[in-house]
Amino acid sequence: MTSSTPQYSLFCMGNPLLDIQVNGEEILTKYKLKANDAILASDEHQPIYEEIVKDHQVTYVAGGAAQNAARAAAYVLPENSVVYTGCVGDDDLAEQLRAANKKESVESAYLVAQGVKTGACAVVITGHHRSLVTTLRAAERFDKAHLSSPDIAPLISNAKAFYVGGFFLTHGVESALVVAQEAAKSSKIFGLNLSAPFIAQFFKVQLEQVIPYTDILIGNESEAAAWAEASGLPDAKDLRAIARSLSKLPKVNAARPRIVVITAGADATHIATSESDEVKDYKVDRLAEDKIVDTNGAGDAFAGGFMGAIVLGKSVDEAVEVGHKLGAMCVGQVGPQLKWPKEKVL
């Protein structure tokens, strides 16, 4: 490490994707998709990407859940505070992602896989719901050796906090553990997002490897319910009890309490900590129907705002407030984007 090594407070890691947004109930029906869900594309879903571009009006937006959260964190942090890594192809899609990150003061520290396309996500909007169908492509080629490379290792050493998307665990649990273990060893903050119900349903073993190192665990009501069902908890609808249960799971760095954040859309946000049996509920200001453009990325905006506020040293109460503001701001935009020029949220 040299004195010229950039120092970013927050190091984020996930699957870099270009979102291809389209409106259409008929697409849900044709591809047997749920209105408010997130899945990895199987063989039967592969034609969707060309079809929606060919036959529908689409909007391209820089995506990938952890990358969305990184840009949201950068919204509240000082310039040059956030760096993001993941694997992309050597193509125009990757250049679009770099440009979006640069605009929003996120440093792109990508691993580039030659001869492979950058990942994409078909985002099917129906009403206020979004169905995500992801083809990882280059994203799943991430190699943990990238983390020990001369360009990336100093960024990890210099970071104050880390954030990893749960989607990344479908292929990158070893890389996630490298970062998580570094955080625990150095008593730095490690944040993890549950990301989607299928992560808890089909990748619970990977989650259980990373949760012991997790200081901040974020998820929504459907992800919490999926975890509860996979773990045999008595009531998959009792979000407060699920948050409390997650907060009490074994933890490697006992000196830093675990904070579990479960969002429930416009209903409430629930916070549990490993230090207490109490669960705190936070009211969400419900937006008028005509203020909602689409909900794609709203949870990521909340997560990024929450993490950004924590990195700034703000209280949990303040972090929730920032998360709520950015989540509300995001649903008023097309895709996972925030207002520009920036609005003051702290």
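**Exercises on a cavity and a pocket**

In this predicted model, at least two lining residues of the largest cavity come from each of α3 (65–76) and α11 (298–311). Local features need pLDDT of at least 70 and side-chain atom pairs pLDDT 80 or more, while totals for chains, interfaces and linings use all residues. Residues are numbered from 1 along each chain, and side-chain values use heavy atoms, without hydrogens and water.

**Exercise 1.** Determine which element gives the most to the lining of the largest cavity.

*Solution.*
1. A cavity is a set of points on a 1 Å grid over the protein atoms alone where a 1.4 Å probe fits but cannot get out; lining residues have an atom within 4 Å of a point.
2. One cavity of 30 Å³ or more is counted, and the volume of the largest cavity is about 60 Å³.
3. Its lining includes N68, R71, A72, D300 and A301.
4. The greatest contributor is α3, with three residues.
5. By class, five lining residues are nonpolar, three polar and three charged.

**Exercise 2.** Describe the lining of the second largest pocket.

*Solution.*
1. A pocket is an open set of points with protein on both sides within 12 Å along at least five of seven lines.
2. The second largest pocket holds about 200 Å³ of space.
3. Its lining has 13 residues, of which I20, Y49, L93, K117 and R137 are the closest to the centre.
4. Two or more lining residues come from each of β2 (17–23) and α2 (48–55).
5. The largest share, three residues, belongs to α2.
6. The lining comprises seven nonpolar, two polar and four charged residues.

Definitions and conventions: Grid points are joined across faces, edges and corners, and a volume is the space filled by probe spheres set on the points. Helices (H or I, at least four residues) and strands (E, at least two) are DSSP runs, numbered from the N terminus. Ala, Val, Leu, Ile, Met, Phe, Trp, Tyr, Cys and Pro count as nonpolar, Asp, Glu, Lys and Arg as charged, and the others, Gly among them, as polar.
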